[in-house]
Amino acid sequence: QVQLVESGGGFVQAGGSLRLSCSVSGSPWDIDTMAWYRQAPGKSRDLVAEIGRVGRGNYADSVKGRFTISRDNAKRTIEIQMDSLKPEDTAVYYCYASIRASVWKPFLPYWGQGTQVTVSS
C-alpha cells in the first residue's frame, strides 16, 4: 500500500521558519513529479512548489525567494523549507506525488493527510 506520510508544520510567528517533510511508504514502482500544495479555509487547494525527478523546483509567485523544495530520490522524500513566513502562508499543507504503484498500473495522484501551518502576525 503506497502512502504519503507528512511531518513538520506547527505554529510560528511572522518572519519565522518551518520545514515540512514527506516520505513515500510502501514499494512504489516509479515516482514522477512531487509537490506541495496548500489550502486555506474557504479557498481552493493551490500549488506551492513542485519538483521533477531531477532539477530545480518550480514555485508559486507568492513563495518565490522564501520557500525551497528539495527531493531525495533514494529515500523517496521531499521537503520544503519555508522562511520569512507570513500570516497569509497559514494553511493546511499537502504533499503530492504522481506514482506508479506497480508496472501494471498507470501514474496516479497520491496525497498526504495534510499538516497545519499557522503563522501569527
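Good morning. I begin with arginine 45, which lies over the face of tryptophan 111, 4.7 Å from the ring centre. The model I am presenting is a predicted one. Arginine 45 also lies over the face of tyrosine 94, and there the distance to the ring centre is 3.6 Å.

Let me turn to the aromatic rings. The count comes to three aromatic pairs. In one of them, tyrosine 37 and tyrosine 96 are arranged edge-to-face, with 5.9 Å from centre to centre and 65° between the planes. This pair links distant parts of the chain, since tyrosine 37 belongs to strand S4, residues 30-39, and tyrosine 96 to strand S9, 59 residues apart. Tyrosine 96 is buried, because its relative accessible area is 17%, under the 20% cut-off.

Tyrosine 37 also pairs with tryptophan 111: the centres are 5.0 Å apart and the planes stand at 65°, so this pair is edge-to-face. Tryptophan 111 is partly exposed, at a relative accessible area of 36%. Through these ring pairs, Tyr37, Tyr96 and Trp111 form a cluster.

My last topic is aspartate 89. Where is aspartate 89 found? Its place is the loop between strand S8, residues 77-82, and strand S9, residues 91-100. Aspartate 89 has a relative accessible area of 0% and is therefore buried. Its side chain makes a polar contact of 2.7 Å with the side chain of arginine 66. Leaving aside neighbours within four places in sequence, aspartate 89 is in contact with Arg38, Arg66, Phe67, Ser84, Val117 and Val119. Thank you.

Notes:
Residues numbered from 1 in each chain as written. Predicted model: local features only at pLDDT ≥ 70, side-chain atom pairs only at ≥ 80, totals over all residues. Heavy atoms only, no water. Helix = DSSP H or I, 4+ residues; strand = E, 2+ residues; numbered from the N terminus. Buried < 20%, exposed > 50% of the residue type's maximum accessible area, 1.4 Å probe, protein only. Polar contact = N/O pair within 3.5 Å; in protein donor to acceptor, adjacent residues only side chain to side chain. Contact = heavy atoms within 4.5 Å. Phe/Tyr/Trp six-rings, centres within 6.5 Å; stacked < 30°, edge-to-face > 60°. Lys NZ or Arg CZ within 6 Å of the ring centre and 35° of its normal.
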